[in-house]
Amino acid sequence: MRAFLGIVSLAVLSACQQPAELKADQAWVRLPAAEGRPGAAYFTVHGGDQSDTLLSVTTPAALRTELHESMKGEHGMMAMKPITDVAIPARGSLAFAPGGKHVMLFDLGPRVAAGQRIPLKLSFAGGKTLEVEAMVVGAGDAAP
Ligand SMILES: [Cu+2]
């Protein structure tokens, strides 16, 4: 009986202490409607056991990137502004999605096309970097 209880409490303990790992998924990139305009990258970050801060997202497919947030500006027009130091809550998740936070991809390489996958590198204040493959979709295509 004691052995049985021991096993049960061990199982409960390990369920509570399951470590959460910082990771990112559901990454995709929308190409610009016109050549020379920036594209946009979206993804979801899942926090680890400790909160962290997303500092930058880069890709070899674009010369320059910026973290942005879209919001309703004056007269109901959508506007966007650069953001820095995006907080990722411990064990929480944060989505970069159309109409909200996104990564602007400036000077996309001319060979980047719909249907491809391009790597995104996410850098965090805690020192960790994550690389995810982003599905590339055309300007008018639905989110994958
Ligand atoms: Cu933007």
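Here the labels are taken up in turn, each with its definition.

Tutor: This is a predicted model, in which local features need pLDDT of at least 70 and side-chain atom pairs count only at pLDDT 80 or more, while totals for chains, interfaces and linings use all residues. Residues are numbered from 1 along each chain as its sequence is written, and side-chain values use heavy atoms, with hydrogens and water left out.

Student: What makes His-68, Met-80, His-102 and Met-104 donors of the copper ion?

Tutor: Donors are N, O and S atoms within 2.8 Å of the metal (3.2 Å for Na, K and Ca), and since water is not among the atoms, sites may look incomplete. His-68 (ND1), Met-80 (SD), His-102 (NE2) and Met-104 (SD) lie 2.1 to 2.3 Å from the copper ion, and therefore they meet that limit. Along the sequence these donor residues follow the spacing H-x11-M-x21-H-x1-M.

Student: Why is the arrangement around the copper ion called tetrahedral?

Tutor: Four donors count as tetrahedral if all angles lie between 85 and 135 degrees; four count as square planar and six as octahedral if opposite donors are over 155 degrees apart and all others between 65 and 115, and anything else is irregular. The 4 donor atoms here subtend angles of 96 to 126°, so the arrangement is tetrahedral.

Student: How do you know that Ser-70 is buried?

Tutor: Buried means under 20% relative accessible area, exposed over 50%, and partly exposed in between (1.4 Å probe, protein chains only). Ser-70 has a relative accessible area of 17%, so this residue counts as buried. Ser-70 is located in strand β4, and, not counting residues up to four places away in sequence, its contacts (heavy atoms within 4.5 Å) are Met-78, Ala-79, Met-80, Gly-99, Gly-100 and His-102.

Student: Why is the pairing of Lys-128 with Glu-21 called a salt bridge?

Tutor: A salt bridge is a side-chain nitrogen of Lys or Arg within 4 Å of a carboxyl oxygen of Asp or Glu. The closest N and O atoms of Lys-128 and Glu-21 are 3.6 Å apart, so the pair qualifies. The two residues are 107 residues apart, Lys-128 in the loop between β9 (117–124) and β10 (129–137) and Glu-21 in the loop between α1 (2–16) and β1 (23–30). Lys-128 is partly exposed at 32% relative accessible area, whereas Glu-21, at 58%, is exposed.

Student: How many salt bridges does the rule give, and which others can be named?

Tutor: The count comes to 4. Among them is Arg-91 with Asp-49, whose closest N and O atoms are 2.7 Å apart. Another is Glu-69 with Lys-101, at 3.2 Å from N to O; this pair links strand β4 (residues 62–72) to strand β8 (residues 101–108).
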